[in-house]
Amino acid sequence: MTSHSPILPEERPRASLYEKRRGVYPQKIDGRFRRLKWLVMLVTLGIYYGVPWIRWDRGPYAPDQAVLIDLAGRRFYMFGIEIWPHEFYFVAGLLIMAGIGLFLVTSAVGRAWCGYSCPQTVWTDLFQHIDRFVDGDRNAQVRLAKAPWGPKKIFKRALKWSIYLLVGFWTGGAWIMYFADAPTLVRDFWSGEAAPVAYITVAILTATTVTLGGFMREQVCIYMCPWPRIQSAMMDEKSLTVTYKHWRGEPRGSLKQSKAKPDLFGACIDCNQCVAVCPTGIDIREGPQIGCITCALCIDACDRVMAEIGRPRGLIDYATLEDCEREQAGEAPRPAWKTLLRPRTIIYSLVWLGVGLGLLFALGARTHVGISVAQDRNPPFMLMSDGSVRNAYTVNLRNMQSRPRQMQLKLEGLPGAVMWTDEMRRDDAVRELVRSAPADSVETLRVYVVAEPGTDEQEFAFTVTTLGDQPETDTSEARFAAPEE
Amino acid sequence: MTNKHVGERRVDEPTGTETVGHEWDGIEELDTPMPRWWLIAFYISILWAAAYVVLYPAWPLVSQATEGVLGWSSRAQLAEEIAKADESKAAVLAALADVPIERLPEDSDLMRQAVAGGRAAFKVNCVQCHGAGAAGGNGYPNLNDDDWLWGGDLQAIEATIIAGIRQPGNEQTRVSQMPGFGGGLLTPEEIGQVADHVLSLSGKSRPNPRGAELFATNCAVCHGDNGRGKREVGAPNLADAIWLYGGKKEDVVKQITSPRHGAMPAWHGRLDPVTIKMLAAYVHSLGGGEDLVEVATGAAAKSDDES
């Protein structure tokens, strides 16, 4: 840093090692970015609270909740898609898409995730509206914070914190709806019949929501969240960020001063509106910083002031570092599409799209029947009294449709061999057998395969085919072990 | 702060924060104060740790750790969990105690429970001889196959487990004794001829007329004229592919000359009747179990085993 700053005198009193949080009391503001924030908040909270209540008919054998994470049943339902544990790569793929999506958004529009759709931001915003509803706008909040405890303050705090608790409780309550049938769970919850984990989860999420959204707020972004650090590494000179155009604004002077001597002062009238509205309590005029979540409320505030005093808008504005340099050099900014369309964003988009298309393809191509075979290892084979050789297998037949189906299990290869299950007699051994598999479940069979004396060790396969309409088939390779001699 | 770089501390102009005086290639460390909530969280975790040390076992001493005022121990927790598990099994065990083993297959759910319980008990009590996969070994019968020395239905298996094999002092135990033919009863040459005949029964050797004669005189009384054995006396089937002590000629000669006899403990008294029942069900389920013959032959045939 600057080497000319003053050496500290020894006697200078040291600041405390620990610093109390400075209260942030953002002022109410309206403008285009505020309206965008309202919209995002409406959509995200709407999704969060509403989605568990959407119904989706899957027939009599599956739940009718559109989005359901059935942990006990090991199923993940999402509208028309039902994911089994062995298909978890679909979920992994979605997470990869979410990750690349964040990269894409960050390289194009900077910390837009932080500013608009991060849950911490959305809930903090919600709680700050509650603050304004109960305590009034910025100045009233500051006054109340400084006021000694008295009946009025106690009443207001009690009211505000009760609303906090209510929001927190509602947040936790909505979370558990994703893990069980929502209407049933609500009834069980209030009649005390829900699982203990439901109450515990709601209690924990109520506590974290109130703590993080009601009290920690910007401290989470500044001290706890890794994402701002990662994002500052991911932004480049072409990423949009909220910028105070100091070459236009400096030196600051009050409206009166700058009107008196327009040549001496820049556009900034030092009205501090940008600081007043900031939800993280920073001064954007100090330059880009970790506390700036790029919510753009300071842009709204500054634009309004500029409009009032008849100066052009955009003293604080979304801008890329590159455009800032061009503007300072007196050149026109690059068109937005040129900034957005660049190799980095195009590659991110292509990768994102590739993963998405791959997932869609896999989703469309997947079958709803499955077989997996595990051979007994101990003993690997069994010599029978007539000299024939028996191998034992555990065969899992997966019926992934929500209707019961007949399934035909067949031996492929291994001439002369027959099989039977432990529910059949060996005398009834066959090369193909039919089992009915209940809807949406795994049928486990213990299968013995016996081959004629002298059969060599070899590969063969089990094939399962569903009977009835829309037949599907799946095959599993297996090994038949035999004595060496 | 007693820092020798103290003279180099200064206020960083853009942030207004003091530096600590450390510098690496022009990069200086700011002395930004920690947030106070962090300090509070730190104190809370210290208190938590202190409480934990008092409440739970913590300090390792010479022979054991401090016990903690809650008196919690992982051993006691395990005992509690086992007791709870036992309690949850009580109904099944009671049902198993009531049902005679020949009726067990009628209740497929109970049968499944019995097989599962037997699988666990087998791992504790039986694998030492019969192997983890119940495949046995030389001298120890394989329980997966369809060859049974003393019978392979549920009742026979249960009877074998209860009374064991060749257990002195147990009246119910299954006993058979093959004479050693090497002590002068047969000459080594004759024993070789008998062995050839025995192997020819399963096609492993060419027929030996002299051996067949000797077999009819000396062996058929127990093993039967065709060598198919007699379960009543535990005489193994010699005409099948399965050999308890090996199927090569020298193995057979050795067994005729001076037979080995396996023994199995009587489990009555060591294991409770329900566990024995579950073990029988498990062994029966391994793939070679036989159906019960309706015309019960009194003290039914018994244990599994091969020759």
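Colleague: Which domains does the assignment give for chain A?

Modeller: In this predicted model, the domain assignment divides chain A into domain 1 (32-233), domain 2 (236-334) and domain 3 (369-480).

Colleague: How many Å separate the centres of domain 2 and domain 3 of chain A?

Modeller: Taken over C-alpha atoms, the centres of domain 2 of chain A and domain 3 of chain A are separated by 73 Å.

Colleague: How many helices and strands does chain A have, and what does its radius of gyration say about how spread out it is?

Modeller: The secondary structure of chain A amounts to 17 helices and 15 strands. For 485 residues the globule rule gives 23 Å, whereas the radius of gyration of chain A is 33 Å, well over that value, so chain A is more spread out than a compact globule. Along the principal axes, the C-alpha atoms of chain A fill a box of roughly 115 × 60 × 55 Å.

Colleague: Which residue is joined to A:Pro251 by a cis peptide bond, and which to A:Pro379?

Modeller: A:Glu250 is joined to A:Pro251 by a cis peptide bond with omega about -15 degrees. The loop that holds A:Pro251 runs between α11 (246-249) and α12 (255-260) of chain A. A cis peptide bond also joins A:Asn378 and A:Pro379, with omega about 0 degrees. A:Pro379 has its place in the loop between β7 (369-375) and β8 (382-383) of chain A.

Colleague: Let us turn to chain B. In what pattern do its helices and strands follow along the sequence?

Modeller: Chain B contains 10 helices and 4 strands. Read along the sequence, the pattern is β-β-β-β-α-α-α-α-α-α-α-α-α-α. Chain B has a radius of gyration of 36 Å, while a compact globule of 307 residues would have one near 19 Å. The C-alpha trace of chain B spans about 115 × 50 × 40 Å along its principal axes.

Colleague: In what order do the strands of the open sheet in chain B stand, and is the pairing parallel or antiparallel?

Modeller: The order of the 3 strands in this open sheet of chain B is β1-β2-β3, with antiparallel pairing. β1 and β3 (27-30) of chain B are the edge strands, since each pairs on one side only. Between β1(B) and strand β2 (residues 17-24) of chain B there are 2 bridges, and B:Val11 has B:Glu18 in β2(B) as its bridge partner.

Colleague: How is the packing of two helices described?

Modeller: Two packed helices are described by the angle between their axes and the distance between the axes. In chain B, the axes of helix α2 (residues 74-98) and helix α10 (residues 273-284) come within 9 Å and cross at roughly 80 degrees. That angle makes α2(B) roughly perpendicular to α10(B). α2(B) makes the contact through B:Leu93, B:Leu96 and B:Ala97, and α10(B) through B:Pro273, B:Val274, B:Lys277 and B:Met278. By class, this contact has 6 nonpolar, no polar and 1 charged residues.

Colleague: Finally, how many residues of each chain are in contact with the other?

Modeller: In chain B, 28 residues are in contact with 27 residues of chain A. β1 (11-12), β4 (34-35) and α1 (36-55) of chain B are the elements that give two or more residues to the side of chain B that touches chain A. α1(B) gives the most, with 3 residues. By class, this side of chain B has 11 nonpolar, 6 polar and 11 charged residues.

Colleague: Which strand of chain A is joined by bridges to β4(B)?

Modeller: Strand β1 (residues 18-19) of chain A is joined to β4(B) by 2 bridges, and these strands run parallel. A:Glu19 stands opposite B:Pro35 in β4(B).

Note on methods
Residues are numbered from 1 along each chain as its sequence is written. Chains are lettered from A and ligands numbered from 1 in the order in which they are written. This is a predicted model: local features need pLDDT of at least 70, side-chain atom pairs count only at pLDDT 80 or more; totals for chains, interfaces and linings use all residues. Two residues are in contact if their C-beta atoms, placed from the backbone, lie within 7 Å. Ala, Val, Leu, Ile, Met, Phe, Trp, Tyr, Cys and Pro count as nonpolar, Asp, Glu, Lys and Arg as charged, and the others, Gly among them, as polar. Two strands pair if DSSP finds at least two bridges between them. Axes are lines fitted to C-alpha atoms, for helices over the stretch in contact, and angles run from 0 to 180 degrees between N-to-C directions. Angles under 35 degrees count as roughly parallel, over 145 as roughly antiparallel, 65 to 115 as roughly perpendicular and the rest as oblique. Domain bounds come from an automatic or database domain assignment. The radius of gyration is taken over C-alpha atoms; the globule rule is 2.2 Å times the number of residues to the power 0.38.
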